[in-house]
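I set down here what I looked up in this structure, entry by entry. The sequence and the model come before the notes.

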Amino acid sequence: MTDPAAIARESPGFRGCGIVTLLTDFGLRDPFVGLMKVQVHARCPGARIVDLTHELPAFQPAAAAFWLERARHWCPAGTVHVAVVDPGVGTERSLLAAEAAGQAFLGPDNGLLGAVLASESSRVCSIDLDSLGRFGLGAPSATFHGRDVLAPLAAELAAGRVHVADLGPTVATWTPSPLPPARPRGVGRWEGEILLVDRYGNAFTNLPPPPHPGAAAVLVAGRRLPVVRTYGEAPAGAAVALANSFGVLEVAVVKGDAAAELGLRAGDPVVLERA
């Protein structure tokens, strides 16, 4: 039988570069994020920790899946990503370790990693919680796997002491991404929904941007909005749609809060019509 750890060592794939990103719904009021960072630095003192965000909507893996899949494109090869939005912590759900596009990903098997794994050729392992003693770890708590499992293992990966395949058995299936796909409905019409709202009140949808903004319109919250190239093409207070910097169609109010003014929230329907 082929040893998956041996395959990993022979593979030209992941090689830790010392960068560890953290993406959670923990917020910064409590010490949860700080304790994860301590665990990384204790095992890899030279690690460079990047806080992608800790203000994700609580208990919603879909928003985390969106941001992780987009953010990783801006990170160098060898980056280790730790993503924790985990309402099922301590249950029978697995923890996954994956290697994709030269980067490593650690997180719960609740769909959070699904968008990344669906878009890349990946090696995916189920972290063996019964064998953490191999890495000098004790039994984890039932409610804080980010601190007790994922952060220490991220440090080991970043330091180059272990490979993804060392962390547990290879698996062929995992929970798919919870992000809903846009649906074509006839010629030039797509139906989608709002995925998340950013701090400006801009609503990110799952709709693909049209190739010609001026020849399209977006229907949302009972209104028909023009599609523009950038915010500056419309006056302050105007409601518009545009292709944002993360590759999806966004609903915005210029110098305003689209979510508040249009009453938008995650899950609301949106339609793109192309001329």
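**Entry 1**

I began with strand 3 and strand 5 (residues 103-108), which pair in the parallel sense over three bridges. I take helices (H or I, at least four residues) and strands (E, at least two) as DSSP runs numbered from the N terminus, and two strands pair if DSSP finds at least two bridges between them. The model is a predicted one, in which local features need pLDDT of at least 70 and side-chain atom pairs count only at pLDDT 80 or more, while totals for chains, interfaces and linings use all residues. Residues are numbered from 1 along each chain as its sequence is written, and side-chain values use heavy atoms, with hydrogens and water left out.

Opposite V80 I found A104 of strand 5. Strand 1 also runs parallel to strand 3, joined to strand 3 by five bridges, and here T21 stands opposite H81.

I then asked how many residues of strand 3 (residues 80-84) are buried. Five of its five residues are buried, where buried means under 20% relative accessible area, exposed over 50% and partly exposed in between (1.4 Å probe, protein chains only). In a regular strand the side chains alternate between the two faces of the sheet.

The chain passes from strand 1 through helix 2 to strand 2 in a right-handed β-α-β crossover; right-handed means that, with the strands pointing away from the viewer, the path from the first strand over the helix to the second runs clockwise.

**Entry 1: salt bridges**

I searched the whole structure and recorded 14 salt bridges, each a side-chain nitrogen of Lys or Arg within 4 Å of a carboxyl oxygen of Asp or Glu. One of them joins E156 to R43, with the closest N and O atoms 2.8 Å apart. E156 lies in helix 5 (residues 145-159) and R43 in helix 2 (residues 32-43), so the pair ties together parts that are 113 residues apart in sequence. E156 is buried at 8% relative accessible area, and R43 is buried at 18%.

Next I looked at E69. Its side chain meets that of R70 in a salt bridge (3.7 Å, N to O), and R72 forms another with E69 at 2.9 Å. R70 and E69 are both buried, and R72 is buried too. A network of salt bridges links E69, R70, R72 and E120.

Which side chain of opposite charge is nearest to D268? It is R265, 4.2 Å away, and D268 is buried yet has no salt bridge; Lys and Arg count as positive and Asp and Glu as negative, with His and the chain ends not counted. D268 sits in the loop between helix 6 (258-262) and strand 14 (269-274). Its side chain reaches the backbone nitrogen of R265 at 3.0 Å.

E233 is found in the loop between strand 11 (223-228) and strand 12 (239-243), and at 46% relative accessibility E233 counts as partly exposed.

Methods
Polar contact = N/O pair within 3.5 Å; in protein donor to acceptor, adjacent residues only side chain to side chain.
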